[in-house]
Amino acid sequence: MQAIVYHCYGSPDVLELQEIPKPTPAEGQVLIRVHAASVNPYDWHFLRGTPSFIRLFIGMRRPKFPRLGADVAGVVEAVGAKVAPFKPGDAVFGAAKGSFAEYACAAASQLAVKPQEISFEQAACLPIAGITALQGVRDKGKVQTGQTVLINGAAGGVGTFAVQIAKSLGARVTGVCSTRNVELLRSIGADEVIDYTREDFARSAQHYDLLFDLVGNRSLADYLRAVQPRGTYISCGGGGPDRSTMDLLARLLQNAVRSRFVSQKMPGLLAKINREDLAILADLVQRGTVIPVVDRTYSLREIAEAVRHVESGHVRGKVVIAVA
């Protein structure tokens, strides 16, 4: 089969399309014939081995697993032992290690059935970005009807899902973005849009029940200034490939220390892919409550260009890889 591989850390230039053996599903896994995948910042962290401390887990000098990709949508080709919910021929989506390939293996617990009404491209947008938005807004933010939510970085992959999910929970949503994305956010349901080139949300008199930060471009004091005294601030991601490990660790330490002395809640967020939440996202898309925003679609051969586009930090919604 054809797959994207990389044998050293670096820029997208180190990615290669190679012929490699088709994998075999282990116990609890299924083999998927990949129809579509999507690119996340998660991918370039693995590609570049940054922040550097993650190399303790993925390989110090070179990647232990030389395949890239996580989001996947496709058709079950074969199943390992103890995979009761799925059989060959089922259309599924979820998370599969090394999904930038014609075939990939995935844990059955991280897959859900793809509804017929949803395309493979739409389904491939959902796993990492959709689950992060859902668990951030619903579980960590505990958004209720009538509350106010501000999403900083609302035009990106997680942001476009977060806007729509918060709206579905009855919140009044404000999105922060650049000028070119103002109309996009309005089109997906944002009640108010702040163009950060013209207005500073941290200097406004408005305070929010939840501030969901997906950019990490302001000080913690700025963020908390915009949050209600008993509100919630969630930081998730932010920064590009040039962001240093020390900068990231300093920010995490600052947040941990500051959280002890403020009235606002500052829960951590580490999204966990699971079948139940994947099914919830698919249902929201099926009903038209959530619409995946696709910026561009690339072929498997164009993966380096696709990753570069995501690294630029200017993606509107999701970048999709059409495999089959």
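Two strands count as paired if DSSP finds at least two bridges between them. Strands β8 (residues 148-152) and β9 (residues 172-177) run parallel and are joined by five bridges. Keep in mind that this is a predicted model: local features need pLDDT of at least 70, side-chain atom pairs count only at pLDDT 80 or more, and totals for chains, interfaces and linings use all residues. Residues are numbered from 1 along each chain as its sequence is written, and side-chain values use heavy atoms, with hydrogens and water left out.

**The sheet**
- Strands here are DSSP runs of E, at least two residues, and helices are runs of H or I, at least four, all numbered from the N terminus.
- Five strands make an open sheet with parallel pairing, in the order β10-β9-β8-β11-β12.
- β10 (192-195) and β12 (227-235) sit at the edges, each pairing on one side only.

**Helix α4 and its neighbours**
- Helix α4 (residues 127-140) packs against helix α9 (residues 275-286) at about 95 degrees, their axes 10 Å apart.
- That makes α4 roughly perpendicular to α9 (65 to 115 degrees; under 35 is roughly parallel, over 145 roughly antiparallel, the rest oblique).
- Angles run from 0 to 180 degrees between N-to-C directions, and axes are lines fitted to C-alpha atoms, for helices over the stretch in contact.
- The axes of α4 and helix α5 (residues 157-168) come within 8 Å and cross at roughly 45 degrees.
- So α4 is oblique to α5.
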